[in-house]
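The following exercises are to be worked with the sequence and the coordinates at hand. Each task is followed by a solution in steps.

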Amino acid sequence: PEEQLMTDVLNKTDEIEDDNDEYDDDELDENGNKKRKWHNYLKKVNLLRKPKRIFEIGFQVDTGVSNNFLNAKDFFVEEVVIDLPQMSEDVPSDGWQIDFLFNNNLYVNLNLINNMQFGVNFGVDAYGFVNISKKLFDYLGKGFNYYETLHVGGNAEGESFFYTQAKIGFDLFGFHITAKPALVKPLLKLETNDMYGAYKNDSDGSVIVSAIADMTVYGGTNLEPIFEGDSKNISIGEDIFKNCGFDFEICVEHSFFSALQCGAYLRVPMVPGKFGYKSDILMSFDYQVDGLKYLINQEGEDPDVKDIEKTYGSASLNVHRPFKTGIEVAWRPLGNWFSLGALAGLGIRQPYTSDAKYFAEYNLSCEATLLNMLGGWFSTGYFNEIFKHEAGIIMNFRFVELDLGVSLQGSDFKSSFKGAGIGAFVNFAVGF
């Protein structure tokens, strides 16, 4: 009956069968040992993340922006005080960096009896940063020689991917195995070839300020009609499945006790995606005033902004999503209404290249729910090179669910507790 089916799928209190019931007293193998009962090979495993519906469709959005210098107290003040010497001391040695992350996906899941799971999701992963050299703040805070020309560097980088991922999960030999093949389409990649600013006090007392940004934008589709506003020739739909890469992720879970579930995951980029187009962009401007006070009061002539130079062409740049692997644990000492979780992992950005960058990941979490309907969670962790402390609420009424979370973030551990960044999380699902 339908009622029994729903009970089987959503039952969250299944106990692991007693060891004495695992073997058949009447059947012996060739060595005279009792044979394991066949049905124990398909024994249901308690999962790290228990399904809440038989069928569901929903979406998730997880986004944030952070920096490693300015904190919440620097914004929420009645009167802003700029202390240049203190700024010089506070900016990290690797410069002022602003990071952003954006992840969203639309998912459809089907959860059947005996932990059989099928699903598909579509999403976008994006990240990026802008960095300004500490030298700028040292010049401003500590001063410089008259007639000296100051050169300040910087750089920026960003990547985004669109992916289509399938999922199949099943229990086997006391383990739950989930396979997730994914087709990955590179969307955009930004990298700077040269980015700097210059400041000079000339011999006549005038001030000259100049800046230049030389960057390359790679695209998965022809960028020229996009940048030039030619909407009729934009070919995103035609190029969406061209030059795609392929990832494969596998997750293995096991219940050591009824209250303790452990898992391991591995995502391997196997076939690189390719950027087939690029645009080289050069932006620059020069600004000259009679003196520093005119620069501060903006009393000089309008900046001489040169035309933005853009050149378009073909490219052949291979790219992968980050490689990721790790382990997870969920402990439910008081029952399924209360869960403590931990994760430890490793990621590699731009794998298989000389520019490969390794980074660790971790997470500690606590979640509690009342009658499997209302609850909340708190977590602290480090993902995609960003420290993140998140709190949220869960509102699950079986046929509809809404989870909302907010987070403090930061590029370094200390600033992440001071409001150097903020993020938001939304999960919405409907089903039965």
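## Exercises on a predicted model

Glutamate 228 has a relative accessibility of 44% and therefore counts as partly exposed. The model is a predicted one, and the exercises begin with this residue.

**Exercise 1.** Determine which residue forms a salt bridge with glutamate 228, and where the two partners lie.

*Solution.* 
1. The partner is lysine 310, with the closest N and O atoms 3.9 Å apart. A salt bridge requires such atoms to be within 4 Å.
2. Glutamate 228 is placed in the loop between α4 (224-227) and α5 (236-239), whereas lysine 310 belongs to strand β13; the pair therefore ties together parts that are 82 residues apart in sequence.
3. Lysine 310 has a relative accessible area of 32% and so is partly exposed.

**Exercise 2.** Classify lysine 388 and aspartate 62 as buried, partly exposed or exposed, and describe the link between them.

*Solution.* 
1. The cut-off for a buried residue is under 20% relative accessible area.
2. Lysine 388, at 16% relative accessibility, therefore counts as buried.
3. Aspartate 62, at 21%, counts as partly exposed.
4. The two residues form a salt bridge whose closest N and O atoms are 3.0 Å apart.
5. This pair links distant parts of the chain, since lysine 388 is in strand β18 (residues 386-396) and aspartate 62 in strand β3 (residues 55-67), 326 residues apart.

**Exercise 3.** State whether aspartate 125 and arginine 321 are buried or exposed, and which parts of the chain their pair ties together.

*Solution.* 
1. Their side chains meet in a salt bridge, at 3.2 Å from N to O.
2. Aspartate 125 is part of strand β5 (residues 117-132), and arginine 321 sits in the loop between β13 (309-319) and β14 (323-331), so the pair ties together parts 196 residues apart in sequence.
3. Aspartate 125 and arginine 321 are both buried.
4. For context, the structure holds 14 salt bridges.

**Exercise 4.** Identify the phi values of phenylalanine 173 and arginine 398, and locate both residues.

*Solution.* 
1. Phenylalanine 173 has a phi near 55°, which is positive in a residue other than glycine. Its place is the loop between β6 (149-172) and β7 (175-201).
2. Arginine 398, also not a glycine, has a positive phi of about 65°. Arginine 398 is located in the loop between β18 and β19 (400-410).
3. With a relative accessible area of 22%, arginine 398 is partly exposed.

**Exercise 5.** Characterise the chain as a whole.

*Solution.* 
1. The secondary structure comprises seven helices and 20 strands.
2. The chain has 432 residues, of which 39% count as buried.
3. Of the contacts between residues at least 6 apart in sequence, 66% join residues at least 24 apart.

How values were computed: Residues numbered from 1 in each chain as written. Predicted model: local features only at pLDDT ≥ 70, side-chain atom pairs only at ≥ 80, totals over all residues. Heavy atoms only, no water. Helix = DSSP H or I, 4+ residues; strand = E, 2+ residues; numbered from the N terminus. Buried < 20%, exposed > 50% of the residue type's maximum accessible area, 1.4 Å probe, protein only. Contact = heavy atoms within 4.5 Å. Areas by Shrake-Rupley, 256 points an atom, 1.4 Å probe, with all protein chains shown as cover.
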